[in-house]
Amino acid sequence: MRDTVVILHQEVGPEAPADELDVLDQVECVERELRDMGYRVRTLPFDLDLRNLARRIHKLHPALAFNLVETVMGDGRLAPLVCSFLDHLGIPYTGSGAQAMLLTTNKTMAKRWMGPWGIPTPEWFEPGRPSEGAPPFPATYILKPVWEDASVGIEAGCVIEAEETSALVKALHDLERSIHKPCFAERFIDGREFNLALLACGDSVEVLPVCEIVFDLPEGMPRIVGYRAKWAEESVEFKGTVRVTDFPGEDSALLERLRRTALACWDLFDLRGYARVDMRVDREGRPFVLEINANPCISPDSGFCAAASKAGLAFRDIVERIVQAAARPPVQGRLEPCR
């Protein structure tokens, strides 16, 4: 029998929404693979009773923690705390470190980092903060939570036409009162949407096959991957957002540009193990990074696993690479194949 691995995940109550319940699927699948690989495995929910949690973890003497925590107390702002806690305990863990988690979980902070490094990202606006350039009016914006992943809080009504700053501020305040989370406005890129999964491989990192979300939605419905598109399986939005991994030859130059942009994000934020970069491409063929997910979903029906499958990788391969990367320093992005 090999060493012990402790799987950490957020607490999930019986009335939790679909995006939170999804982590339990990830826990089950990761636990099964780790056991098949010969590890002892224990799963623990992460809570804010840190002294007690530290005692419980130390009793297990784990060689590694597999970090599947996406929120703490339902708040994405606390997710980086898990990495800092494990750093404090001196326990290696999967995925990116505390700084990368903090910088990427805060979407507007990530944007402020990307701009000076030449990584394109849509202009945005936050009430009470200096905007990234003068917001163009009138214009189409999409309203988003600053900290949350899984498209929490994002629905069709979040895409708005704003005539002036005051209208944008009011719309943001209305959304914040509705979902009780800080929000920002981002210039809406009305174009194609792509997800790029990155997976460590020894001393390198591999950009897995590109996934595109193809929209087949009713006329007048914005082409976005909102909460219902991800989690409400019987909804029009879910059925009208289809993931594809095959592309015509004329897309080859664009796909290469997307890969290089994803690798630039990997390097800038010192990502480790695995990550996903979401982008939109405008009608002129220009890519824009929407967000970097340093702890992406790896449930079997996720986009990450779809990309891995297209590359000929089984779920076991994903888990093995993530575990192996936890014991290595961050690696620089390269386009050479890992296999």
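Colleague: How far apart are the closest N and O atoms in the salt bridge that Glu-123 forms with Arg-187?

Modeller: In this predicted model, Glu-123 sits in the loop between helix 5 (107-114) and strand 4 (124-125), while Arg-187 belongs to strand 7 (residues 183-187), and the pair links parts of the chain 64 residues apart. Glu-123 is partly exposed, with a relative accessible area of 31%, and Arg-187 is partly exposed as well, at 21%. The closest N and O atoms of this salt bridge are separated by 2.3 Å.

Colleague: Which residue forms a salt bridge with Lys-310?

Modeller: Lys-310 lies in helix 10 (residues 303-310), and its partner is found in the loop between strand 11 (241-244) and helix 9 (252-268), so the pair ties together parts that are 64 residues apart in sequence. With the closest N and O atoms 2.5 Å apart, the residue bridged to Lys-310 is Asp-246.

Colleague: Is Asp-25 buried, partly exposed or exposed?

Modeller: Asp-25 has its place in helix 1 (residues 18-36), and together with Glu-28, Glu-233 and Asp-301 it forms a negative surface patch. Buried would require under 20% relative accessible area and exposed over 50%. Because its relative accessibility is 39%, Asp-25 counts as partly exposed.

Colleague: How many salt bridges does the structure hold?

Modeller: Among them is the one between Asp-190 and Arg-223, whose closest N and O atoms are 4.0 Å apart. Counted over the model, the salt bridges number 21.

Definitions and conventions. Residues numbered from 1 in each chain as written. Predicted model: local features only at pLDDT ≥ 70, side-chain atom pairs only at ≥ 80, totals over all residues. Heavy atoms only, no water. Patch = residues over 30% accessible without salt bridge, like charges linked within 9 Å, V, L, I, M, F, W, Y side chains within 5 Å. Areas by Shrake-Rupley, 256 points an atom, 1.4 Å probe, with all protein chains shown as cover. Salt bridge = Lys/Arg side-chain N within 4 Å of Asp/Glu carboxyl O. Lys, Arg positive; Asp, Glu negative; His and termini not counted. Charge placed at Lys NZ, Arg CZ, Asp CG, Glu CD. Helix = DSSP H or I, 4+ residues; strand = E, 2+ residues; numbered from the N terminus. Buried < 20%, exposed > 50% of the residue type's maximum accessible area, 1.4 Å probe, protein only.
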